[in-house]
Amino acid sequence: MMTTRKKLVFLMFIFTVAAAVPKPEEVEKKERTVEKDLSDKKHYEHEQHNVEYDHEAFLGEDAKTFDQLSAEESKRRLGLIVDKIDGDKDGFVSQEELKDWIRYTQRRYILDDVDRQWKTHNPEEKETISWDQYKKMLYGFMDDMDTADLEKDEEGFSYAAMQKRDRRRWAVADLNGDDLMSKEEFAAFLHPEETGHMRDVVVLETMEDIDKDKDGKVSLQEYIGDMYRGSEGEDEPEWVQNEKEQFSQYRDKDGDGFMDADEVKNWIIPPDFDHAEAEARHLIYESDGDGDSKLTKEEILAKYDLFVGSQATDFGEALARHDEF
C-alpha cells in the first residue's frame with residue numbers, strides 16, 4: 001500500500017512533469033486558456049498606463065529579480081539585455097527582435113523545465129527515450145499498489161487513468177510513430193499547450209476534466225465548478241457572476257446552454273492575437289525618439305523605467321535620489 005506521504009510527493013512530481021489529471025485545488029480560480037496575456041497586471045488601469053505590465057512582459061520570470069535591484073544596477077543589466085536582443089549586432093533593436101525576445105522570456109520557464117525533465121528521464125543523454133522508460137520512472141510505483149488504489153483513491157483520484165491519459169498524449173506527440181521521444185517531441189508531450197499539433201489533446205483533456213457527467217458537453221454548472229467551489233450560504237465573488245455572463249454571452253455560441261468541443265476550443269484556444277507583437281510595437285512607440293521604428297541602446301536606456309521599472313521599488317524615484325547618497 002502506498003503511504004500518504006509517498007502519494008503527496010508523487011503528486012507534486014507528476015504535476016511538474018506531465019500536467020495530467022488535476023485534483024481539487026485550494027485556489028479560488030483556475031485559468032485554462034492557452035493564449036495567455038504577457039502579464040497578470042492590467043496594461044491600462046482607469047485609462048492610465050501601467051508600467052508594471054511592460055516590466056513583466058519584457059523580463060518574464062526575471063521581473064522579480066529586477067524588483068530587488070537598485071536603479072543603477074537594473075539599468076546596467078538592461079544594457080546587457082539589449083546586447084542580447086540585438087541579434088544581428090547592427091546596433092539597433094528592431095520590432096521583430098524585440099518581439100522574439102518577449103516570446104523567449106515568456107517561454108523560458110518551459111525550456112528550462114524541458115531541459116530538467118529530459119535530463120531526469122534520460123541520464124545517459126541518448127537521442128531518444130522510450131515510453132517504457134518513461135513509464136517505469138513515473139509509474140513504476142504502481143506495481144506495488146492494490147488494484148483498487150490504482151483505479152481510485154480515497155479522494156476519487158485514479159493513477160491508472162493518469163497513466164492512460166499520458167499514454168494517449170505520448171502517442172500524439174510521437175510524430176514519427178516509433179514510440180520514442182526526441183527532445184522536441186518530449187517538449188510537446190510535457191507542454192502540449194505550446195505545440196500546434198497537440199492542441200486537440202489539450203481540448204480533449206479539458207473536456208474530460210470538466211465534463212463531470214460525461215455527456216460530451218460542458219454545462220454552466222460544470223464550467224463554474226471547474227473554477228470555483230463555494231461553501232453553502234457563501235456569497236459568490238463578483239468574478240463568478242462575470243464568468244456566468246461570459247458563458248452565456250461568449251462561450252456558449254449557439255445558445256443551447258452547453259459548450260461542445262468546438263466551443264471549448266474557442267474558449268481555451270481563442271482566435272489569434274499576438275501579445276508579443278503588440279507589446280513590441282507599444283514599447284517601440286513609447287521609446288523611439290527619432291521615429292525610425294527601431295531602438296538604439298541609448299533610446300532604451302533613456303526609457304529604462306518603461307522596460308524594467310516597477311512600482312514595487314519605485315525605480316524612477318530611486319534613480320532621482322541616487323545623487324543624494
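Analyst: Helices here are DSSP runs of H or I with at least four residues, numbered from the N terminus. The model is predicted.

User: In which helix do Lys 99 and Glu 96 both lie?
Analyst: Lys 99 and Glu 96 form a salt bridge, with the closest N and O atoms 3.2 Å apart. The two residues sit three residues apart, about one turn of the helix. The helix holding both is H5.

User: Is Lys 99 buried or exposed?
Analyst: Buried means under 20% relative accessible area. Lys 99 has a relative accessible area of 9%, so Lys 99 is buried.

User: What is the relative accessible area of Glu 96, the salt-bridge partner of Lys 99?
Analyst: Glu 96 forms a salt bridge with Lys 99.

User: How far apart in space are Leu 111 and Ala 187, C-alpha to C-alpha?
Analyst: Leu 111 belongs to helix H5, residues 95-121. Leu 111 is partly exposed at 35% relative accessible area. Leu 111 and Ala 187 are 76 residues apart in sequence, but in space the C-alpha separation is 8.1 Å.

User: What is the N to O distance in the salt bridge of Glu 277 and Arg 281?
Analyst: Glu 277 and Arg 281 lie four residues apart in helix H14, residues 275-287, about one turn of the helix. Glu 277 is partly exposed at 26%, and Arg 281 is partly exposed at 42%. Their N to O distance is 3.6 Å.

User: How many salt bridges are counted?
Analyst: The cut-off is a side-chain nitrogen of Lys or Arg within 4 Å of a carboxyl oxygen of Asp or Glu. Arg 165, Arg 168, Glu 208 and Asp 209 are linked in a network of such bridges. The count comes to 16.

User: Which residues form the negative surface patch?
Analyst: One of its members, Asp 262, lies in helix H13, residues 261-268. Asp 262 counts as exposed at 58% relative accessibility. The patch is formed by Asp 254, Asp 256, Asp 260 and Asp 262.

User: Is the pair of Trp 170 and Phe 189 stacked or edge-to-face?
Analyst: A search of the whole structure finds 13 aromatic pairs. In the pair of Trp 170 and Phe 189, the ring centres are 5.4 Å apart. The planes meet at 70°, and over 60 degrees counts as edge-to-face, so the pair is edge-to-face.

User: How many residues apart in sequence are the parts tied together by Trp 170 and Phe 189?
Analyst: Trp 170 lies in helix H8, residues 159-173, and Phe 189 in helix H9, residues 183-190. Trp 170 is buried at 0%, and Phe 189 is buried at 0%. The parts are apart in sequence by 19 residues.

User: What is the angle between the ring planes of Tyr 223 and Trp 267?
Analyst: Tyr 223 and Trp 267 form an edge-to-face pair, 5.1 Å centre to centre. The angle between their planes is 65°.

User: Which helix holds Trp 267?
Analyst: The pair links distant parts of the chain, 44 residues apart, with Tyr 223 in helix H11. Tyr 223 is buried at 0%, and Trp 267 counts as buried at 7%. Trp 267 is in helix H13.

User: What is the phi of Asp 179?
Analyst: Most residues other than glycine have a negative phi. Asp 179 sits in the loop between H8 and strand E4, partly exposed at 29%. Its phi is positive, near 65°.

User: Where is Lys 214 found?
Analyst: Lys 214 has a positive phi of about 55° although it is not a glycine. Lys 214 counts as exposed at 56% relative accessibility. Lys 214 is found in the loop between helix H10 and strand E5.

How values were computed:
Residues are numbered from 1 along each chain as its sequence is written. This is a predicted model: local features need pLDDT of at least 70, side-chain atom pairs count only at pLDDT 80 or more; totals for chains, interfaces and linings use all residues. Side-chain values use heavy atoms; hydrogens and water are left out. Buried means under 20% relative accessible area, exposed over 50%, partly exposed in between (1.4 Å probe, protein chains only). Patches are made of residues with over 30% relative accessible area and no salt bridge: like charges are joined within 9 Å, nonpolar side chains (Val, Leu, Ile, Met, Phe, Trp, Tyr) within 5 Å. Accessible areas come from the Shrake-Rupley method with a 1.4 Å probe; for residues, only the protein chains shown count as cover. Lys and Arg count as positive and Asp and Glu as negative; His and the chain ends are not counted. The place of a charge is taken as NZ of Lys, CZ of Arg, CG of Asp or CD of Glu. Rings of Phe, Tyr and Trp (its six-membered ring) pair if their centres lie within 6.5 Å; planes under 30 degrees apart count as stacked, over 60 as edge-to-face and the rest as tilted.
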